[in-house]
Amino acid sequence: MEKTGTKTELKVAQQAIKIFETFLCAYTDGIAITDFSHNNIVVNEALCNFLGKDYQEVAEANLFDWLEQLDGDAVKKWATMEGVVRKEGESRDVEFTKTAHDTVLYLSVNASVLERAGEDETDVIVSIWRDVTEHKQAEEALVHAAEDWQETFDAVDDLVAIVDSERNVIRANRVMKEVFSEIDLKEKKCYELFHGSDEPILLCPCTKSFETGELEHIEIKEPHLDDHIFDVFTYPIRVEEDGVKKVVHVVRDITNRKQAEEELKKTKEELEVRVYERTSELIEANKKLQLEITDRKRAEDVIRESEEKYRNIVESASVAIFSIDLDRKFLFGNDYFTEWTGYKKEDIIGKEIDLLIHPDDILIALEAEKRGRAGENYEFEMRVVTKYGVVGWGSFVNRPIFNEDGSIAEIHCIVRDITEKKRAEEALKDSEERYRNLVENINDVIFNIDIEGIFTYISPAINRISNYYNADELIGQSFAHLVHPEDLPDLQKIFERDIDVDMEESREFRALDKNGEVHHVRTSYRVQFKEGVPVGITGVMTDITELKKMEAQLIQTEKLSSLGGILSGVAHELNNPLTAIIVNSQLLARKSELPVDVLSKLDTIQKESMRCAKIVGGLLAFAREHKPERRMINVNDVIVESCKLREYELRVDNVDIELDLFDNIAETSADPSQLQQVFINLINNAHDALKEKSGGVLNIRSYKRDETILIEFEDNGPGIPKENINKIFDPFFTTKEMGKGTGLGLSIIYGIINEHGGKMNVEGGIDKGAKFTIELPIEKEAAEIDKVEMERPKKPEGAISVLVVEDEESLREVISEALSNEGYVVQTANSGDKAIELLKRGGYDVIISDMKMPGMSGQNLYTFVQKEYPELTDKMLFMTGDVLGKETQSFFKITGAKLLEKPFEIDVLLNVLNKVIFD
């Protein structure tokens with residue numbers, strides 16, 4: 001009986017070994033089992049393939065022998081990883097690279113300790129080797145594809161928008177943004193923009209695409225848009241079980257083309273009538289030919305004139321027109337045809353049409369020829385190759401011309417250039433194709449789930465996503481162990497509905513580990529069938545937690561960028577009235593007969609106006625359109641000065657400030673006015689919070705760490721709720737009552753600190769107070785600011801004529817008055833067109849012009865003067881509040897024109913004007 005038992009155990013062991021060897025051979029990942037002396041105990045064929053070596057060569061070699069043949073740090077990486085595995089007894093990952101045939105391969109290795117049961121058996125290391133090269137390459141390709149897609153999207157010259165099922169415009173290309181530049185597209189429905197309607201239009205292809213899920217096309221005349229005619233295509237780009245979710249809306253203005261076609265049609269009809277009339281005249285003239293040669297000559301002249309008119313019409317057409325004989329040789333081509341193809345008329349007449357046809361479209365051309373010989377009018381699209389090898393697309397209309405006996409004499413063809421349309425269609429198609437190819441999941445965790453939702457297999461890499469869960473613990477358990485309770489109902493619906501044979505889906509959910517830590521996961525899966533019956537699901541999972549964090553950061557950045565654009569517009573709009581207030585107050589102040597109290601009030605108006613100008617500068621700084629005016633400062637001095645400004649209000653409300661400032665704090669380059677704005681805002685926030693509890697303490701500390709200055713504002717107020725911490729710097733977020741806060745303060749100072757290259761953080765909790773920490777880098781040298789002393793304006797000698805061009809009436813009048821008081825002869829214009837009228841009537845010595853005006857801009861006025869009055873180009877002075885706009889900067893860089901920044905004072909205006917006159 002004992003021998004029988006031994007044989008049974010031996011047989012079981014042999015079967016186990018055979019199963020193990022089969023598993024090793026079938027496993028697509030490389031596997032190696034090594035002892036702690038790095039000798040190989042077991043390796044499989046997949047590992048040998050990864051290393052590019054024979055099985056015997058790998059099996060008999062020491063582990064370090066083939067590690068040294070990988071990247072230079074492979075042995076060091078393995079030793080570090082092995083130390084951790086031995087010490088902690090947990091699996092660890094390490095990544096190696098290998099160069100093969102000038103190609104870099106990436107290998108991901110997971111190693112763990114395997115304890116052996118025998119007393120004399122030492123533990124071994126089991127390592128699993130995986131080729132992750134495609135994963136690495138896909139990540140890089142995905143980044144490049146997103147950039148290519150955006151560039152392609154903006155390169156299309158038609159109006160292109162992506163519209164969701166609610167008809168919201170969720171994305172628009174460059175052309176559409178330019179056409180609707182004064183409209184916030186995100187607040188408009190597509191039918192409001194294109195149709196001027198309060199509800200969807202039934203004939204609109206956008207409406208049809210959402211119903212049919214197919215490409216839809218229509219030509220439509222829009223009274224809402226000045227009766228323009230549009231060629232409209234809509235393409236469904238996201239079709240799900242419950243219908244289309246998004247469509248691409250492509251709109252091309254074809255008004256001019258339609259008008260040209262109508263004119264051509266009308267001209268053609270007129271010509272046919274005229275030809276008929278002239279033919280009748282010719283028949284009558286032939287009858288009288290023998291009686292009067294003069295009449296025959298007159299008829300010939302009439303025919304020649306008619307042909308000349310026809311030729312002129314054809315030559316001036318905005319489409320390509322040509323004709324070929326029955327031998328497929330060119331007889332005629334109009335000017336547009338020669339311009340489009342690059343061939344001169346004398347070079348192409350008598351040549352076969354094949355020289356223009358793309359080789360791949362020969363069959364299309366032959367079919368068109370066949371239809372023409374059969375006497376049919378035929379429309380088709382085909383590629384053409386120009387003289388210079390450029391491939392274009394044309395929309396052809398062939399029409400046979402018949403002899404009197406009914407035979408075909410030649411074939412006339414009208415061609416419309418649709419190259420740009422085709423390129424747009426191809427670009428959109430390529431973009432969609434790249435998107436479909438690149439969003440295939442290449443994840444780390446492989447899993448199988450049976451039809452009841454129970455794990456039947458899950459790879460060891462699950463430990464990376466769900467810390468402390470091992471694969472063995474989850475096999476036999478429901479997938480619900482990994483899923484956040486709030487996301488579980490949605491995933492369970494997979495098993496509740498009818499499962500399609502070809503069903504393949506991708507989902508995102510939150511995974512939990514044993515400690516309750518949340519990981520964001522993306523999974524893609526497909527149903528497995530056996531004999532036509534669904535038996536389970538196979539899929540892969542990828543941890544996208546870091547990606548979710550990056551998305552949150554991007555949303556924050558976009559919020560601040562959007563706010564910056566709003567503030568920039570507000571600041572620029574304030575510049576004109578501020579200039580009018582400053583100059584008017586200065587004009588009044590120069591009148592000696594005014595009482596002292598009035599002069600004092602005017603002085604106050606000037607000071608407060610300049611204060612407003614600084615506020616405008618602050619808004620522009622937040623909008624990244626005004627650089628900080630930095631100099632070397634001591635941060636402690638700015639803190640102390642800020643506290644003094646709020647000292648009285650704080651004392652009244654029982655709020656104490658305790659300063660703990662580092663004595664030897666380093667100086668740094670910064671804008672003291674902007675930093676004071678930051679400090680006062682934080683003091684005000686603490687003041688408001690502490691007033692609610694009838695007083696408290698605000699601690700302000702400064703200290704130095706390495707090359708960074710740290711400043712802390714900490715109060716013992718009611719604190720900040722946890723749910724508000726991540727939103728505290730969002731634009732317009734506020735917890736204050738209506739009318740007591742705008743939600744802009746912390747957003748603005750956050751932008752100021754970023755502009756200085758620093759960081760800003762907040763800590764808090766209910767009943768724990770609030771603590772704001774500012775980190776400022778220490779800049780060794782401050783940028784030097786040129787200080788130009790104000791020169792006293794010179795009085796002009798003689799009569800100097802000045803033309804002031806400004807659309808704002810108040811500013812135009814006050815500049816005119818200021819210059820007139822100084823002896824200048826001033827005329828004004830409220831627009832660029834009016835200025836041109838005045839320039840044509842008489843000469844001027846100097847032109848002062850605003851840059852941005854309705855109709856003709858200052859830049860366009862400069863171009864006109866440069867062409868018609870070149871001697872005045874150096875005598876033009878421009879006023880603008882958009883000093884740092886890209887277009888403005890480019891204009892002044894190219895032209896070297898003189899600039900006066902709004903708002904400005906009278907003396908500044910006079911000084912700059914003197915430089916323009918006397919330089």
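Visitor: Where is Glu262 found, and what makes it count as exposed?

Guide: Glu262 is found in helix α10, which covers residues 255-287. Its relative accessibility is 52%, and exposed means over 50%, so Glu262 counts as exposed. Please keep in mind that this is a predicted model.

Visitor: Which residues form a nonpolar patch on the surface?

Guide: Ile362, Leu363 and Leu366 form that patch, and together they have about 280 Å² of accessible area. Ile362 is found in helix α14.

Visitor: What makes Ile362 partly exposed?

Guide: Its relative accessible area is 31%. Buried needs a value under 20% and exposed a value over 50%; 31% lies in between, so Ile362 is partly exposed.

Visitor: Where is Asp361 found, and how do you know whether it is buried or exposed?

Guide: Asp361 is found in the loop between α13 (345-348) and α14 (362-373). The relative accessible area of Asp361 is 4%, and the cut-off for buried is under 20%, so Asp361 is buried.

Visitor: Which residues is Asp361 in contact with, leaving aside its neighbours within four places in sequence?

Guide: Those are Met382 and Arg383. With Arg383 there is also a salt bridge between the side chains, at 3.0 Å from N to O.

Visitor: Why is the pair of Arg383 and Asp361 called a salt bridge?

Guide: Side chains of opposite charge can pair when their charged atoms come close. The distance for Arg383 and Asp361 is 3.0 Å and the limit is 4 Å, so the pair qualifies as a salt bridge.

Visitor: Which residues do salt bridges that share partners join into one network?

Guide: Glu219, Arg257, Lys258 and Glu261 are joined in that way. A search of the whole structure finds 33 salt bridges.

Visitor: What makes Glu57 and Lys53 a salt bridge?

Guide: Their closest N and O atoms are 3.7 Å apart, and this is within the 4 Å limit, so Glu57 forms a salt bridge with Lys53. At a relative accessible area of 43%, between the 20% and 50% cut-offs, Glu57 is partly exposed.

Visitor: Where is the place of Ser395, and why is Ser395 called buried?

Guide: Ser395 is in strand β14, residues 391-402. The relative accessible area is 16% and buried means under 20%, so Ser395 is called buried. Not counting residues up to four places away in sequence, Ser395 touches Phe380, Glu381, Ile414, Val415, Arg416 and Ile418. Its C-alpha atom is separated by 9.0 Å from that of Arg383, twelve residues apart along the chain.

Visitor: Which residues of helix α9 are buried?

Guide: In α9 (residues 205-212) they are Pro205, Cys206, Thr207, Ser209 and Phe210. Just after α9, Gly213 takes a positive phi of about 75°.

Visitor: And how many helices and strands does the protein have?

Guide: The secondary structure comes to 29 helices and 32 strands. Of the 919 residues, 41% count as buried.

Note on methods: Residues are numbered from 1 along each chain as its sequence is written. This is a predicted model: local features need pLDDT of at least 70, side-chain atom pairs count only at pLDDT 80 or more; totals for chains, interfaces and linings use all residues. Side-chain values use heavy atoms; hydrogens and water are left out. Helices (H or I, at least four residues) and strands (E, at least two) are DSSP runs, numbered from the N terminus. Buried means under 20% relative accessible area, exposed over 50%, partly exposed in between (1.4 Å probe, protein chains only). Contact means heavy atoms within 4.5 Å. Patches are made of residues with over 30% relative accessible area and no salt bridge: like charges are joined within 9 Å, nonpolar side chains (Val, Leu, Ile, Met, Phe, Trp, Tyr) within 5 Å. Accessible areas come from the Shrake-Rupley method with a 1.4 Å probe; for residues, only the protein chains shown count as cover.
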